[in-house]
Amino acid sequence: MRKTLATLALGTALTTGFSAQAETVDVGLILSLSGSGAVLGTEMQKGADLALEMSGGKLGGLEGHFLYEDDQRKPDVGKTAAEKLIRSEKVDFVIGPSYSNVMMAVQAPIVRTGTILISPNPAPAELAGANCDANYFSIPFQNDQPAEALGLHMNEKGIKKVFVVVPNYQAGKDVVEGFKRTFKGEIVSEIYTPLEQNDFSAEMTEIKTADPEAVLAFMPGGLGVQFVKQYDQAGLKPMADLYTVFTVFNGVSLDAIGAAAEGVYSVDQWTYDLDNPANKEFVAAYSTKYGTLPSNFAAMAFDAVRLIDGAITAAGGVEDKEAVRAAMKAASFQSVRGDFAFNTNQHPIHAMYIARVSKDEATGALAVRNEGMIVDKMADSYAAECTLE
């Protein structure tokens, strides 16, 4: 017996008028858990596991079961994992994947079966607009949002010349498009690097030659470690401030980068020091369990599980999928971000913040710390293209 009570004879079911009720909630998690992408996936696993642990192993009052699949940051592997979870395991929900290239491969096969898919990190532009779906929810952002917010921040700071460098895949393209949408100055150079590139010495030379006022870099996972280290080693910090999205994170890349990360800026929808009860509880529990500050990835996976928990509670179970979707769209949970709502395309409306890597005055420990809100209640730029209501 896996998901339901012992099967009743048809005559008994018709006589009593009762249908079988779910005993468990099965959640499949497709994450990058090996290779260079594992730095993100393992953080999401920690956040998800902690959320289930803090709810006593239950989701909406039902026993919660997690089934993990490693997509290895490869779209074909992710698609195979998705088919296994929805066809063989018949999970109720899927959380994942870690990267946009895998998301573009798995989203359609999952949602067309009626299974609800929750993104804990990637949110490609295509899935926020015309290809939005009632079974697809993005918990963290839409890919363009942080860079759009950064453009607004740079305008306010009077920055006129920016050098942009991102990986050559969907999320990188989304970041650049988002930045161009709001930044009013000049992009002096726009470079797209291979997703597996680990040596950025050529790019450092190009930055020196271009002589920008600031650099915008999106380098996820291990790429960010190498890029920020090489940026510091090349002596570029005094010349141009380094602004990043999805690159420097507590408990992930920051420990590996070390002192080279000090002074680097980040644009985020969440920081560990946000002052709200749900976030304080999460950060304390995470720090106690894992011995370090949580990353953005862990926080968003935590929120994804809490979203499921709140939706099942509000819907009174998992059988009525329409009720579950409605409860999810109403965001029936307390987010670690505080104020949070879904737009019509089921992507967040939330605040965006400028953060900076700095030392704790007492301990000397580095952390990505909030330096203020850039924009409040920010919606993404693709919701008008979505036909959902």
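1. The largest nonpolar core has 108 residues, of which Phe93, Phe227 and Phe282 touch the most other members. Such a core is a set of buried Ala, Val, Leu, Ile, Met, Phe, Trp, Tyr and Cys residues joined through side-chain atoms within 4.5 Å; buried means under 20% relative accessible area, with a 1.4 Å probe and protein chains only. Helix H11 (residues 296-315) gives the most to this core, with twelve residues; helices are DSSP runs of H or I with at least four residues, numbered from the N terminus.

2. This is a predicted model, in which local features need pLDDT of at least 70 and side-chain atom pairs count only at pLDDT 80 or more, while totals for chains, interfaces and linings use all residues. Residues are numbered from 1 along each chain as its sequence is written, and side-chain values use heavy atoms, without hydrogens and water.

3. Contacts of Phe93 beyond its neighbours within four places in sequence include Val25, Val27, Ile308, Ile312 and Met328. Contact here means heavy atoms within 4.5 Å.

4. A second, separate core of 16 residues includes Val91, Val94, Val102 and Ala123.

5. The lining of the largest pocket has six nonpolar, two polar and four charged residues. Ala, Val, Leu, Ile, Met, Phe, Trp, Tyr, Cys and Pro count as nonpolar, Asp, Glu, Lys and Arg as charged, and the others, Gly among them, as polar. A pocket is an open set of points on a 1 Å grid over the protein atoms alone, where a 1.4 Å probe fits, with protein on both sides within 12 Å along at least five of seven lines; lining residues have an atom within 4 Å of a point.

6. Domain 1 (6-141 + 276-346) and domain 2 (145-268 + 352-378) both give residues to this lining, so the largest pocket lies between them. The domain bounds come from an automatic or database domain assignment.

Terms used:
Buried < 20%, exposed > 50% of the residue type's maximum accessible area, 1.4 Å probe, protein only. Helix = DSSP H or I, 4+ residues; strand = E, 2+ residues; numbered from the N terminus.
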